[in-house]
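Here is a short note for someone opening this structure for the first time. Please read the points in order, with the model in view.

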Amino acid sequence: MVFEAKVYKSGKFWISEAPVLDAMTQGTTKAEAIEMLKDWIRSALDQPVKVEIKESGNSLLVSAPTTPQLTSLVLKRLRERMGLMVREAAKLLGFKSHNAYAQYERGTIEPKLSQLERILEEMNGKTELKIRFG
């Protein structure tokens with residue numbers, strides 16, 4: 001999974017922002033702001049995961065070789081943004097069991113691409129979300 005983030009200067013600080021994760025960090029340099037975003041993602045995953053961020057101007061492409069964990073974090077953050085509990089999200093998405101959906105958020109099972117697209121579309125609402133797979 002690869003998703004888009006951005007980095008920009010605001011006053012005397014650099015800001016790195018990953019809208020899909022509702023994450024924002026800052027640093028005194030651009031490189032420090034980007035490193036802080038990597039650290040935020042690693043901390044949120046609560047696992048020693050290598051987070052890669054490729055810079056292209058003020059756009060950032062965020063990826064991790066362990067796709068299930070990054071996918072689980074995105075799903076959890078989207079659900080939290082909607083103010084839903086796991087059981088409520090599962091019901092909204094039409095899962096027969098909230099445990100089936102919870103496995104996606106735990107990263108124990110990775111959803112098929114078609115299932116993930118459906119979940120993201122349903123849970124994302126009107127927020128622009130740019131995610132690539134491959």
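1. Start at the strand β5, where lysine 6 stands opposite serine 59. Lysine 6 also stands opposite glutamate 17 in β2. Helices (H or I, at least four residues) and strands (E, at least two) are DSSP runs, numbered from the N terminus.

2. A word on the basis. This is a predicted model, in which local features need pLDDT of at least 70 and side-chain atom pairs count only at pLDDT 80 or more, while totals for chains, interfaces and linings use all residues. Residues are numbered from 1 along each chain as its sequence is written, and side-chain values use heavy atoms, with hydrogens and water left out.

3. Now the pairing around β1. Two strands pair if DSSP finds at least two bridges between them. β1 and β5 run antiparallel, joined by five bridges. β1 and β2 are also antiparallel, and five bridges join them. Two residues lie between the strands in the hairpin of β1 and β2, where glycine 11 has a positive phi near 65°.

4. Follow β2 onward. Strand β3 (residues 23–27) pairs with β2 in the antiparallel sense, over five bridges. Serine 16 faces threonine 25 of β3 in this pairing. The hairpin of β2 and β3 has four residues between the strands, and aspartate 22 takes a positive phi near 55° there. Is β2 mostly covered or mostly open? It is mostly covered, with five of its six residues buried. Buried means under 20% relative accessible area, exposed over 50%, and partly exposed in between (1.4 Å probe, protein chains only).

5. β5 has another partner. Strand β4 (residues 52–56) runs antiparallel to β5, and five bridges join the two. Isoleucine 53 stands opposite valine 62. Lysine 54 has leucine 61 as its bridge partner. β4 and β5 form a hairpin with two residues between them, and glycine 57 in the turn has a positive phi of about 70°.

6. Turn to the helices. Helix α1 (residues 30–45) and helix α2 (residues 67–81) have axes that come within 10 Å and cross at roughly 85°. That makes α1 roughly perpendicular to α2. Axes are lines fitted to C-alpha atoms, for helices over the stretch in contact, and angles run from 0 to 180 degrees between N-to-C directions. Angles under 35 degrees count as roughly parallel, over 145 as roughly antiparallel, 65 to 115 as roughly perpendicular and the rest as oblique.

7. Which residues make the contact of α1 with α2? Trp40, Ile41, Ala44 and Leu45 in α1 meet Gln69, Leu70, Leu73 and Arg77 in α2. Contact means heavy atoms within 4.5 Å. By class there are six nonpolar residues, one polar and one charged. Ala, Val, Leu, Ile, Met, Phe, Trp, Tyr, Cys and Pro count as nonpolar, Asp, Glu, Lys and Arg as charged, and the others, Gly among them, as polar.

8. Isoleucine 41 deserves a look. Leaving aside neighbours within four places in sequence, its contacts are Phe3, Leu21, Val51, Val62, Leu70 and Leu73. The largest nonpolar core has 36 residues, of which Phe3, Leu21, Leu37, Ile41 and Tyr101 touch the most other members. Elements giving two or more residues to this core include β1 (2–10), β2 (13–18), β5 (59–63) and α5 (113–124). A nonpolar core is a set of buried Ala, Val, Leu, Ile, Met, Phe, Trp, Tyr and Cys residues joined through side-chain atoms within 4.5 Å.

9. α2 also packs on α4, at an angle of about 120° and with the axes 6 Å apart. That makes α2 oblique to α4. Ser72, Leu75, Lys76 and Arg79 in α2 meet Tyr101, Tyr104, Glu105 and Arg106 in α4. This contact has three nonpolar, one polar and four charged residues.

10. Arginine 79 counts as buried, at 8% relative accessibility. Beyond four places in sequence, arginine 79 contacts Leu84, Met85, Val86, Ala89, Tyr101, Glu105 and Met123. Glutamate 105 is buried too, at 12%. Not counting residues up to four places away in sequence, glutamate 105 touches Ser72, Leu75, Lys76, Arg79 and Val86.

11. Last, methionine 82 sits in the loop between α2 and α3. At 35% relative accessibility, methionine 82 counts as partly exposed. Its contacts, leaving out residues up to four places away in sequence, are Leu92 and Met123.
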